[in-house]
Amino acid sequence: MTDDNGPGPCHIVIFGATGHLARIKLLPSLFRLHCASRLGDGLAIVAMGRRPWSLDEWLSYLREALEKSGVDVTSEAYASFAQRFEYVEGDLHEAATYQSLFATLSKPRPGVCENIIFYLSIRPEDFMPVVEQLDRAGLNRGHGRHRIVVEKPFGRDLASAEALNRELHQHFDEEQVFRIDHYLGKETVQNLTVLRFANTMIEPIWNRNYIDHVQITVAESDGIGSRAGYFDSSGTLRDMVQNHLLQLVASVAMEPPATLDARDRRDEKVKVFRSIRSLDRQDLREIAVRAQYAAGVVKGEQVPGYLDEDGVPDGSRTETFAALRLYIDNWRWRNVPFYLRTGKRLAAKSSVIALRFRHPPQQLFHETPLENIDSNWITLQLQPDECIEIQLYAKQPGLDLRPRVVRLNTLYRDDEEAGGDAYETLLLDVITGDRSLFIRFDEVEECWRVVEPLLDAWAADDLPMASYAAGSHGPEEADALAHSSEHRWRNDR
Ligand code: BG6
């Protein structure tokens, strides 16, 4: 699965080292990997930033960022982690910045070699200018391996994604490009592969003959924070659905791959995306809902509505919630609704994939009418806790033969077990060259194809914008997506 000989020494160059993602995810993940001795001695990190800081100033920023992120920062661990860093100051658009970077990368460091990973944790519009500058400075070639990690969103739509890919390939070969979707590194998503393909009792029932519908909810209680600039020009459909939620759909729906290597897994995911029924313009009103949060109370705290958040333009029509009903037209899933919803400022942070099974065909338990028997469910929770639950019926103890719900539940990570963030897994994969959890470009293309009719209709403001109170489960309009009166969103998990 790796395209080379394992971890090996390298430089990781983080563009946007003082940005939101680096602060909350990348730096804490690198620190945890360091503490777990997973980085090896020969790994150095270059933080790129605009601020005119000395290395010491960067390091005090780093320490504060780590402490705020909640990782346990002991002085000893921090001191050895700090040794890995260099700080390069400069404007991303200036050639001089890349000369400084070149000089920094050329400094001899014991055990660190010429392999370089460029991590672009920057605004999408800065991707190409940085890539071109790297090429001009000769930083994408020469001795050693050169890899580039590109964060989502990859483009704003199909045409811009294709243009971006073409341009990227003028400077980096496909084997060098790692398109990241951190949802694929989440423990539960990887566990889905194991649950489905390591258990003979699961796979035979994982299809339209037994499964009635699938719900995928990714709910966040946070608002947009300080990211109005990015978020308002993106919206939930681009920010979450085109990538994270569709990747979850593929993980649920894909066929068993021939092997777990990158090509086979990604081939199977692409087949799912290609089988998703095209969203017909006529149906959009019935199968999709967009909404914005209004003021409300989240976790006991009064919070403003989206339009009153700092940096959001007056009258913005950007959605902070999206819900969608999809169908996958293949043998396994035809006519099984897949309900997707995601939004900011919802009641709680909770991400769950729930599969509901069909009703039993016959009523045997006279004292419990069929309509009082819910179906079986399998739920896979991604966050806050990672958990798989199977809801079955068993006999209620006593003289009568009454069914009652039992839940076979596994919180599958004990407190003592290493609690890796998705970024830890994915950073290690980039270092070792394992591409199986990264996105191939045909996946990106197909995912844009799926959402594009909706992007266009929402951009043209052809469809209504619903509203929901911050702290709620989303707009009532999302209930109307149900294909059958028996289908209801699970709000309890
Ligand atoms: C990011 C989005 O990709 O995922 C954010 O840009 C979102 O808007 C985040 O908050 C959610 O990730 P997680 O891992 O916290 O569910």
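Predicted model: local features only at pLDDT ≥ 70, side-chain atom pairs only at ≥ 80, totals over all residues.
At 14% relative accessibility, Glu446 counts as buried, a label given to residues under 20% relative accessible area, with exposed meaning over 50% and partly exposed in between (1.4 Å probe, protein chains only). Arg449 and Glu446 are 3 residues apart in helix H12 (residues 441-459), so about one helical turn separates them. Salt bridges with shared partners also join Arg196, Glu203, Glu255 and Arg332 into one network.

Residues are numbered from 1 along each chain as its sequence is written, and side-chain values use heavy atoms, with hydrogens and water left out.

In total, the structure holds 32 salt bridges. One of them links Lys271 to Glu268, with the closest N and O atoms 3.2 Å apart. This pair is 3 residues apart in helix H9 (residues 262-275), again about one helical turn. Here Lys271 is partly exposed at 46% relative accessibility, whereas Glu268 is buried at 10%. Helices (H or I, at least four residues) and strands (E, at least two) are DSSP runs, numbered from the N terminus.

Turning to the strands, 6 of them form an open sheet with parallel pairing, in the order E3-E2-E1-E4-E5-E6. Strands E3 (85-89) and E6 (177-179) stand at the edges with a single partner strand each, so one side of each has no neighbour in the sheet. Two strands pair if DSSP finds at least two bridges between them. Strand E1 (residues 10-15) and strand E2 (residues 43-49) pair in the parallel sense over 6 bridges, and His11 has Ala44 in E2 as its bridge partner.

Two loop residues complete the picture. Thr320, in the loop between strand E10 (301-303) and strand E11 (321-326), is buried at 0% relative accessibility. Arg227, in the loop between strand E7 (211-219) and helix H8 (228-253), is partly exposed at 26%. Leaving aside neighbours within four places in sequence, Arg227 is in contact (heavy atoms within 4.5 Å) with His20, Asp239 and Lys344.

Technical notes: Salt bridge = Lys/Arg side-chain N within 4 Å of Asp/Glu carboxyl O.
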